[in-house]
Amino acid sequence: MYATDLLEGVSSGVARPAHSPSRKKRGMLPPLTARDFDRVGKLGSNLSIALEGIWANRLRSMLTTLGIFIGVAAVVAALILTQGVSANITNSITSLGTNVITIAPGAATTRGAIAPAGTTQSLTAADAAAVSKLADVTAVSPIISVNQQVIFSNQNWNTRVEGASPSLQTIQNWTIAEGAWYSATDEQSARSVAVIGQTVKQKLFDPLGVDPVGQTIRMNSQLYHVVGVLQSKGAGGFGGSQDDVIFVPFTTAQDRLKNSTYIDQIVVQIDDASNTNTVQQAITTLLEQRHRIQKGNPDDFNLTSSQQLLQTANQFTSILTILLVGVAAISLTVGGIGIMNIMIVSVTERTREIGIRISIGAQRQDIRNQFLIEALILSLLGGLIGLLIGLLIGFGITSLTGLPFVITLTSLLLPFAISASIGIVFGLYPAVRAARLDPIEALRSL
Amino acid sequence: MEMSKNTSSFASTETVEPTAAAEVTSPRIVNADNQGKPVIVVHNLHKTYWLGQTPVHALRGVSLEVSRGEFVAVMGPSGSGKSTFMNLIGCLDRPTQGEYWLAGKLVSHMSNQELATVRNRLIGFVFQGFNLLSRASALHNVELPMVYGGLTKELREHRARQALQLVGLGTRMDHLPSQLSGGQQQRVAIARSLVNSPSLLLADEPTGNLDSRTSIEVMAILQALNQQGLTIVLVTHEPDIAEYTSRRVTFRDGRLLRDEPVQSPRDAQAEWAALAPADPEKTSQARKEGNTSHVRN
């Protein structure tokens with residue numbers, strides 16, 4: 001037998017009429033009252049309808065999110081990379097000593113740029129001695145810098161040799177791994193002693209398995225006694241290792257390595273960073289007097305503070321960030337247009353569905369929300385995947401290049417903010433278009 | 001929140017009673033059981049479309065009343081204005097001129113938002129092409145008007161099951177429309193039209209895509225619903241189908257040509273009862289359906 005509840009009486013052969021009182025209410029749904037309506041909000045329903053829509057077009061949805069997630073991954077990776085570079089530069093600047101002003105010969109070029117050392121010769125050890133008497137100055141070291149071939153036994157290595165006062169150890173925050181830094185006496189007597197960096201130790205001594213302290217190395221056909229080995233400071237911010245260095249007493253370097261009254265640098269440590277400007281002023285005035293520079297003529301020296309260096313480095317990294325993130329943002333925009341494209345196709349394809357929904361009582365905002373939520377989910381999903389992939393790429397690059405892996409809250413939240421706004425901005429037009437469809441036209445479409 | 005705003009605007013809507021007696025109406029739109037009052041009152045309805053600079057007068061002043069419990073067939077050749085009339089009655093469109101009261105409410109001047117609520121709560125639609133969502137199960141399709149009506153999930157499911165059982169699809173609730181025959185799809189559509197307890201069931205060529213057997217079945221269901229008090233307006237161009245109704249309204253050139261009662265309407269339920277057991281194909285289908293008749297017990 002085949003029947004419905006409504007036709008029950010008929011199909012079972014019971015005689016008509018159907019108007020008998022017993023049948024009156026049979027087969028009708030109980031009536032609804034005003035209280036039954038508007039019991040639940042419709043955003044939840046809109047959400048589940050949107051999810052169904054995405055699931056029904058899995059492949060297309062996935063390809064759409066692809067555009068967003070590549071963009072977000074690029075942004076995240078770019079942020080991690082630049083933050084890593086920034087942290088690295090900051091580290092190496094602070095490792096050179098905080099509250100430090102460096103005086104170099106030659107006219108100051110652009111603000112904060114480092115003039116090539118040794119091109120002009122104007123600074124002397126007497127200048128350094130004069131600077132050390134200024135107020136707020138805690139330590140001063142003149143520096144002579146030469147590149148030198150260093151030989152130990154059958155090993156040799158080309159490195160930077162710096163002649164400096166013992167005070168340089170505290171100015172530049174060097175820690176001793178083995179032995180000791182040379183003493184003030186060593187400097188006064190211009191003894192042939194040396195403190196070597198980790199790289200030099202690795203190149204000269206590690207192959208032979210010899211403890212460097214107490215050994216004798218040869219530089220410029222002269223013998224130097226190794227008294228200490230430095231702790232590693234890691235890679236420098238501007239290329240090259242800070243550990244590839246040998247320190248010898250300033251007087252020794254002046255007599256034996258350079259043989260000149262002129263020096264390459266004066267490093268000045270001051271008591272507090274807030275005094276940087278006043279001390280810089282005092283140094284400038286002092287040196288202008290000593291060098292007899294007329295007012296209006298360019299100085300034959302220039303000052304760089306670690307503060308200025310940090311500033312410059314920050315400028316540099318923020319430009320780098322803008323550049324990289326800008327490029328990544330272009331791909332995000334392309335991804336957003338992809339979402340808009342797909343949503344417009346989806347609205348066109350589902351015109352009839354929209355017509356059905358409107359005809360059975362969906363409000364325009366229900367239709368708009370349905371498509372807006374769909375676009376939002378697609379872009380947020382893309383943002384989430386992009387964040388994960390971007391973190392992976394960022395981790396890969398930083399660990400390959402030895403940069404620190406820095407994650408800030410910004411680099412975690414930014415992708416979500418970006419992808420959510422892309423979803424809303426690029427999803428709004430198709431959604432509004434869907435909501436404005438004429439139900440009669442929509443129902444007529446295929 | 002949106003809806004509460006909506007309903008408050010309904011409270012302020014002019015609820016002019018076309019008949020003399022003023023009646024206290026619910027501030028919300030639900031099927032107010034205004035027994036004896038006309039469900040539809042249409043007065044001097046005009047609809048003019050513009051094709052570029054040329055006006056097309058689809059309706060030129062139609063006046064009509066449909067009382068509660070009537071079963072009206074709207075007939076007429078294509079271009080007669082019956083589709084336009086149908087769209088206006090179904091609140092899918094607004095008249096250029098004239099008034100339309102549905103269940104005591106002047107709907108001809110309502111906003112889009114208010115019309116959507118009217119479609120949701122006062123009107124049930126049955127279309128020629130079924131118009132089910134192809135991705136959704138029968139149950140889900142039937143639930144949809146209640147989703148937009150904001151009914152609770154429990155009530156939605158309960159009523160959707162009830163409605164599907166009512167049209168004899170109790171065992172096929174989880175089937176997709178593509179897994180159902182045309183007649184079954186139309187029965188799902190009828191179930192969907194019923195779930196919000198509408199004041200009016202609007203059927204637009206409901207048998208147009210069905211063979212004559214299934215047409216009788218659908219008409220039998222509609223007749224049964226009508227006998228239980230549901231007002232039905234059915235648009236058709238088939239004179240046979242109109243014979244199952246109680247009143248025939250004929251349109252021509254945008255005007256009402258005839259409005260007459262159907263003399264001795266045919267009884268679709270009796271015809272269906274006579275047909276059903278005799279047809280071997282149907283019987284086999286019944287077996288395939290797992291003997292839906294057990295629902296009766």
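**View 1. Strands β9(B) and β10(B) of the predicted model, with the bridge between Val249(B) and Asp259(B)**. In this predicted model, Val249(B) has Asp259(B), a residue of β10(B), as its bridge partner. The two strands concerned, β9(B) with residues 247-252 and β10(B), pair in the antiparallel sense, and six bridges connect them. They belong to an open sheet of six strands whose order is β6-β7-β8-β3-β9-β10 in chain B and whose pairing is mixed. At the edges of this sheet stand β6(B), residues 123-126, and β10(B), residues 255-261, each of which pairs on one side only. When direction is ignored, neighbouring strands of the sheet are turned against each other by 20° on average.

**View 2. Helix α3(B) across strands β6(B) and β7(B)**. Helix α3(B), made of residues 112-122, lies across β6(B) and across β7(B), the latter comprising residues 200-204. Relative to β6(B), the helix runs at about 75°. In the six-stranded sheet of chain B, β6 and β7 open the written order β6-β7-β8-β3-β9-β10.

**View 3. The four-stranded sheet of chain B and helix α2(B)**. An open sheet is formed here by four strands of chain B in the order β2-β1-β4-β5, with antiparallel pairing. Because β2(B), residues 54-67, and β5(B), residues 105-106, stand at the edges with a single partner strand each, one side of each is left without a neighbour in the sheet. Helix α2(B), residues 82-89, packs on the sheet and touches β1(B), residues 38-51, together with β2(B) and β4(B), while the direction of the helix makes about 120° with that of β1(B). Between β4(B), residues 97-102, and β5(B) the pairing is antiparallel and extends over two bridges. Leu106(B) in β5(B) is the bridge partner of Trp101(B).

**View 4. The crossing of helices α4(B) and α6(B)**. The axes of α4(B), residues 138-149, and α6(B), residues 182-194, come within 7 Å and cross at roughly 30°. Since angles under 35 degrees count as roughly parallel, the two helices α4(B) and α6(B) are therefore described as roughly parallel to each other. Their crossing is right-handed. On the side of α4(B) the contact is made by Ala138(B), Asn141(B), Val142(B) and Pro145(B), and on the side of α6(B) by Val188(B), Ala191(B) and Arg192(B).

**View 5. Strand β2(A) and its pairing with β3(A), β6(A) and β9(A)**. Strand β2(A), residues 137-152, runs antiparallel to β9(A), residues 265-270, and six bridges join the two; in this pair Pro142(A) stands opposite Ile266(A) of β9(A). With β3(A), residues 155-164, the strand β2(A) is joined by 10 bridges, again in the antiparallel sense, and the bridge partner of Ile143(A) in β3(A) is Ala164(A). β2(A) and β3(A) form a hairpin in which two residues lie between the strands, and Ser153(A), located in the turn, has a positive phi of about 55°. A further antiparallel pairing joins β2(A) to β6(A), residues 216-219, through two bridges, with Val150(A) opposite Met219(A) of β6(A).

**View 6. Helix α3(A), with its kink and its end**. The 38 residues of α3(A), numbered 58-95, should span 56 Å at 1.5 Å a residue, and the end C-alpha atoms are 53 Å apart, which agrees with that expectation. Along the helix there is a kink of about 25°, centred on Leu66(A). Just after α3(A), the residue Gly97(A) takes a positive phi of about 110°.

**View 7. The packing of α3(A) against α13(A)**. Helix α3(A) and helix α13(A), residues 409-435, pack at an angle of about 150°, and their axes are 10 Å apart. Since angles over 145 degrees count as roughly antiparallel, α3(A) and α13(A) are therefore roughly antiparallel to each other. The crossing in which α3(A) passes α13(A) is right-handed. Ile68(A), Val72(A), Val75(A), Val76(A), Leu79(A) and Gln83(A) of α3(A) meet residues of α13(A), namely Ser411(A), Leu414(A), Pro415(A), Ile418(A), Ser419(A) and Ile422(A).

**View 8. The crossing of helices α10(A) and α12(A)**. The axes of α10(A), residues 306-349, and α12(A), residues 364-401, come within 11 Å and cross at roughly 145°, in a right-handed crossing. Helix α10(A) contributes Ile339(A), Met343(A), Ser346(A) and Val347(A) to the contact, and helix α12(A) contributes Phe371(A), Glu374(A), Ala375(A), Leu378(A) and Ser379(A).

Methods: Residues numbered from 1 in each chain as written. Chains lettered and ligands numbered in written order. Predicted model: local features only at pLDDT ≥ 70, side-chain atom pairs only at ≥ 80, totals over all residues. Heavy atoms only, no water. Expected span 1.5 Å × (residues − 1). Bend = angle between axes of the 7 residues up to and from the residue. Pairing = 2+ DSSP bridges. Contact = heavy atoms within 4.5 Å. Axes fitted to C-alpha atoms, helices over the stretch in contact; angles between N-to-C directions. Parallel < 35°, antiparallel > 145°, perpendicular 65-115°, else oblique. Left-handed = near helix turned anticlockwise from the far one by under 90°.
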